[in-house]
Amino acid sequence: MAAIRVLLVDDHRMVLAGLRLLLQPLPHIQVVGTCASAAEALAAVAAEVPDVVLLDLNLPDQPGSAVCRQLASTYPSVKVLVLTTLNEKSMVQRLMQDGAAGYVLKNASPEELAEAISRVHAGRKYFSDEVQELLLQPSPPAPTLPPLTRREKEILPLIAQGLTSQAIAEQLFLSALTVETHRRNILAKFEVNNTAALIRLAVEHGLL
């Protein structure tokens, strides 16, 4: 059986050297190259078309997630196995959406890493035990907001544009005092004390 051709991608050269030393003795795995940046990785994949890319997320020129998306769309036969210290549920879910075939933490044993490579090469998913436990945890409910009135919905994007109450009043043919009242009501509904926090929450809730 042909060896699984693996490309190693990490921004630390010492990590790359360690991974190569770790995997080289395994007869069913062949390391075809090491890369320390997204640009190097994309060029190496184009040249080598490996079976599996072992991908770190912290790269100097592009996020690993962007590399994962590019590889998944351009080289669907190449399996991307994320190898990282980042253990966040939202990150794992996003990488799966980006096309990753597995997610392994850097505290994995050599045996686990070899198993993960073999499994994703065979077309299956692989998650470290800690990552599986994380994915099984229920997500906290999204915070809800009291509904905004029609006028508040008109005023909110104008606040986000940085307009003063007087400018908003002139645009909506209202008094500045009325706009100020609406502004205070919106801040109260969002339970924030300033415009910057208001805009951040409004974006998070999809209102802007």
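The side chains of K189 and E152 meet in a salt bridge, with 2.8 Å from N to O; the term stands for a side-chain nitrogen of Lys or Arg within 4 Å of a carboxyl oxygen of Asp or Glu. K189 lies in helix α9 and E152 in helix α7 (residues 150-160), so this pair ties together parts that are 37 residues apart in sequence. Please keep in mind that this is a predicted model, in which local features need pLDDT of at least 70 and side-chain atom pairs count only at pLDDT 80 or more, while totals for chains, interfaces and linings use all residues. Residues are numbered from 1 along each chain as its sequence is written, and side-chain values use heavy atoms, with hydrogens and water left out.

**Salt bridges**

- By the rule above, the count comes to 9 salt bridges.
- Side chains of opposite charge can pair when their charged atoms come close.
- Helices here are DSSP runs of H or I with at least four residues, strands are runs of E with at least two, and both are numbered from the N terminus.
- R5 is partly exposed at 23% relative accessible area, and E48 is partly exposed at 34%.
- D98 and R69 form a salt bridge through their side chains, at 3.4 Å from N to O.
- D98 sits in the loop between α4 (89-97) and β5 (102-105) and R69 in helix α3 (residues 64-74), so the bridge ties together parts that are 29 residues apart in sequence.
- D98 counts as buried at 11% relative accessibility, whereas R69 counts as partly exposed at 41%.

**Around D56**

- A network of salt bridges links D56 with D10 and K106.
- D56 is found in the loop between β3 (52-55) and α3, and at 3% relative accessibility D56 counts as buried.
- Leaving aside residues up to four places away in sequence, D56 touches V9, D10, D11, G64, L83, T84 and K106; contact means heavy atoms within 4.5 Å.

**Helices α8 and α9**

- The axes of helix α8 (residues 165-172) and helix α9 (residues 176-190) come within 8 Å and cross at roughly 110°.
- Such axes are lines fitted to C-alpha atoms, for helices over the stretch in contact, with angles from 0 to 180 degrees between N-to-C directions.
- α8 and α9 are therefore roughly perpendicular to each other; angles of 65 to 115 degrees count as roughly perpendicular, under 35 as roughly parallel, over 145 as roughly antiparallel and the rest as oblique.
- From α8, S165, Q166, I168 and A169 make the contact, and from α9, A176, V179, E180 and R183 do.

**The loop with P27**

- P27 has its place in the loop between α1 (13-23) and β2 (29-35), and P27 is exposed at 75% relative accessible area.
- The C-alpha atoms of P27 and A3 are separated by 7.0 Å, with the two residues 24 apart along the chain.

Terms used
Buried < 20%, exposed > 50% of the residue type's maximum accessible area, 1.4 Å probe, protein only.
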